[in-house]
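Here is a briefing on one protein model. Look over the sequence and the structure first, then read on.

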Amino acid sequence: MAEELETAQIPPHIMAAMRERMKMAQRMSRIKHKIIVMSGKGGVGKSSVAANLAVVLAEDGSAGIVDADVTGVQDAQVKATETGMEPTVGPAGVKVISMAQLIDRDTAVVWRGPLKIKALKQMLSDVEWGDLDYLVIDLPPGTSDEPLSVAQEIPDADGAVVVTTPQQVSLLDVRKSIAFAKAVKMDILGVIENMSGFVCPHCGKQTDIFKVGGGEDAAKELGLPFLGRVPLDPRIVIGGDSGRPFVLEHPDSEAAKAFRVIVRNLKAHLKEVKPRPVGPLAK
């Protein structure tokens, strides 16, 4: 009786928010590692990095990716179920949900912050992810409301991977991400230097178009793990357009090898996961 009175005194909108948070917690509890991929600015290849990381992680476990950057899978339809939404299964068995799947492909996205955050929460709480070893969450660039919302909704996330470029200005971009992460008490798992030199796919010669080392220098100066660098390869763009991850199409390329080194380094910084309960406690 006391519980009923107490519940009755809670405003409906607060009750709804509590139920939504509980549902998200239940979904996320079935995922061992939650990895957030972010960048201080756009144009650093963050989404391509996130997609290829998910595919490499899936090579020795189950993986999914939340594409909250309004890119990625566009043609696949989201299937509604009685308990939520069914993610698309992509290459290497990676489960995918993309903001682009939830909107008309010919419609410009002019949502304000609260609406984008609501959509992001839906991709986390309404999607039937099931049991996963890894979930990669690709956030929009910058330090706006979206990453703040994720940090608040997934307090047990392993942390964030910061993607930057080789130029010296990358130090400023990484600083922005670090300041944000500290503000929301989120760990930084490491820094990835993308577009780090160009390796010719024909002769193998490397040309440092955007220089090399800016991201690594930023990581060292800020005391962060440096996960590795990915060289420029035009086939990465082609793979992104075709929907076939680069690391699967060109596994022996220097860039694909770099992604595998990065994943190996990343795993060393993931939190130790306690075994899931079995028997009655698992319900």
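Is leucine 222 buried, partly exposed or exposed? At 24% relative accessibility, leucine 222 is partly exposed; buried means under 20% relative accessible area, exposed over 50%, and partly exposed in between (1.4 Å probe, protein chains only).

This is a predicted model: local features need pLDDT of at least 70, side-chain atom pairs count only at pLDDT 80 or more, and totals for chains, interfaces and linings use all residues. Residues are numbered from 1 along each chain as its sequence is written, and side-chain values use heavy atoms, with hydrogens and water left out.

**Overall picture**

- The protein chain holds 10 helices and 11 strands. Helices (H or I, at least four residues) and strands (E, at least two) are DSSP runs, numbered from the N terminus.
- Of the 283 residues in the protein chain, 45% are buried.
- The protein chain exposes about 14800 Å², and carbon and sulfur atoms supply 55% of that area. Accessible areas come from the Shrake-Rupley method with a 1.4 Å probe; for residues, only the protein chains shown count as cover.
- Among contacts in the protein chain with a separation of 6 or more, 77% join residues 24 or more positions apart. Contact means heavy atoms within 4.5 Å.

**Lysine 46 and aspartate 138**

- Lysine 46 is found in helix H3 (residues 46-57). Its relative accessibility is 4%, so lysine 46 counts as buried.
- Aspartate 138 sits in strand S7 (residues 132-138). Aspartate 138 is buried too, because its relative accessibility is 2%.
- The side chains of lysine 46 and aspartate 138 make a polar contact at 2.6 Å. A polar contact is a pair of N or O atoms within 3.5 Å; within protein, one must be able to donate a hydrogen and the other to accept it, and residues adjacent in sequence count only if both atoms are side-chain atoms.
- A polar atom of the lysine 46 side chain also lies 2.6 Å from the backbone oxygen of leucine 139.
- The side chain of aspartate 138 has a polar contact of 2.8 Å with the side chain of serine 47.

**Helix H3 against helix H10**

- The axes of H3 and helix H10 (residues 254-267) come within 10 Å and cross at roughly 75°. Axes are lines fitted to C-alpha atoms, for helices over the stretch in contact, and angles run from 0 to 180 degrees between N-to-C directions.
- H3 contributes Val49, Asn52, Leu53, Val56 and Leu57 to the contact, and H10 contributes Phe259, Arg260, Ile262, Val263 and Lys267.
- The residues of this contact divide into 7 nonpolar, 1 polar and 2 charged. Ala, Val, Leu, Ile, Met, Phe, Trp, Tyr, Cys and Pro count as nonpolar, Asp, Glu, Lys and Arg as charged, and the others, Gly among them, as polar.

- Most residues other than glycine have a negative phi.
- Alanine 92 is not a glycine, yet it has a positive phi of about 65°. Alanine 92 lies in the loop between strand S5 (88-89) and strand S6 (95-98). At 41% relative accessibility, alanine 92 is partly exposed.
- Methionine 195 has a positive phi near 60° and is likewise a residue other than glycine. Methionine 195 is in strand S9 (residues 188-199). With a relative accessible area of 18%, methionine 195 is buried.

- Leucine 222 lies in the loop between helix H7 (214-221) and strand S11 (226-232). Leucine 222 and arginine 175 are 47 residues apart in sequence, with their C-alpha atoms 7.9 Å apart. Leaving aside neighbours within four places in sequence, leucine 222 is in contact with Leu171, Val174, Arg175 and Ile178.
- Valine 127 is in the loop between helix H4 (113-125) and S7. Valine 127 is buried, with a relative accessible area of 0%. Beyond its neighbours within four places in sequence, valine 127 is in contact with Arg27, Met85, Pro87, Ile97 and Gln122.
- Lysine 41 is found in the loop between strand S1 (31-38) and H3. Lysine 41 is partly exposed at 34% relative accessibility. Not counting residues up to four places away in sequence, lysine 41 touches Pro141, Gly142 and Asp173.
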